[in-house]
Amino acid sequence: AAVAQVVGARLRGLTEEDSVLLEAMVPTARLPVPPPRSPAPRLPMALRICTLVCRSWGDRPQFCQVACAVGRAESPVRHGAALPQGLDSSLQQWGVVAPSQRQALATRLREATEAAMAALLATEAELSPQQRGGTRAHTDILGVDFLLACVDDTLELVALATNSQRCLETCVLAEAMGRGVGEPRGDLPRLLAEAMLHRAQCHLVEGKDILLIGAGGVSKSFVWEAARDYGLRVRSSGR
């Protein structure tokens, strides 16, 4: 009611071309944590979760990597403002002690990230090549930022924004830091390489002519669909 009253008052004083933009206030999660070692008061902190997802074979979203950053609760936690750390250790520091609860949050994070990528791919599929920016233009790698919030005493993952570069930088840095302390190599380099190699292979065959001899019946119709997606010019010949 208070927000509606303020907006109404503002609207009455604006000109026809002006407007009021409202954004949701998402409270960050505040969980019981171990007492600090220092007697100094602990400032409210926020946990920003950075995820990376790529387009896999068959245009399927593939979760790649996650990295977390901690910052002051009253201001946005920006990329590059803090060193990235792992999700499990971050949740433990945040007071999520139960392993089952941390695993459930990790599963929900993966599902939410891949769902965001799937929604983007579905939207791009409905666009014309001109609207996408070119015949072969589409999203291969996507970063999604989340905030760990608390809604009705329940931990929730709230999507903040998507980007194409900053989450990639953060996750690559987290991967390199892990290798620096002896952790095994993760799947991030392999998944990113597969996405880039798939795009490179499509670029190599685009515009080429291919002759199919005995292309088969209806069960082989996927050949024509794949050829169209790859930009091939197909010529058919009977036996």
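In this predicted model, β1 (45-56) and α6 (188-205) each contribute at least two residues to the lining of the largest cavity. Helix α6 provides the largest share of that lining, four residues. The residues lining the largest cavity are Cys-54, Arg-55, Ser-56, Trp-57, Gln-62, Leu-191, Glu-194, Ala-195 and His-198. Sorted by class, four of the lining residues are nonpolar, three are polar and two are charged. The volume of this cavity is about 60 Å³, and the structure holds one cavity of 30 Å³ or more.

Strands of a sheet pair through backbone hydrogen bonds, in either a parallel or an antiparallel manner. Here, four strands form an open sheet in the order β2-β1-β3-β4, and their pairing is antiparallel. From one strand to the next, the twist averages 25 degrees.

The pairing of β1 with β2 can be followed in detail. These two strands run antiparallel and are joined by 12 bridges. Arg-55, one of the residues lining the largest cavity, stands opposite Pro-61 in β2.

Two helices accompany the sheet. Helix α3 (residues 99-125) lies across β1, β2, β3 (141-151) and β4, and runs at about 120 degrees to β2. Helix α5 (residues 166-180) also packs on the sheet, where it touches β1, β2, β3 and β4. The direction of α5 makes about 100 degrees with that of β1.

Terms used:
Residues numbered from 1 in each chain as written. Predicted model: local features only at pLDDT ≥ 70, side-chain atom pairs only at ≥ 80, totals over all residues. Heavy atoms only, no water. 1 Å grid on protein atoms, 1.4 Å probe; cavity = no way out; pocket = protein on both sides within 12 Å on 5 of 7 lines; lining within 4 Å. Points joined across faces, edges and corners; volume = space filled by probe spheres on them. Nonpolar A, V, L, I, M, F, W, Y, C, P; charged D, E, K, R; others polar. Pairing = 2+ DSSP bridges. Axes fitted to C-alpha atoms, helices over the stretch in contact; angles between N-to-C directions. Contact = heavy atoms within 4.5 Å.
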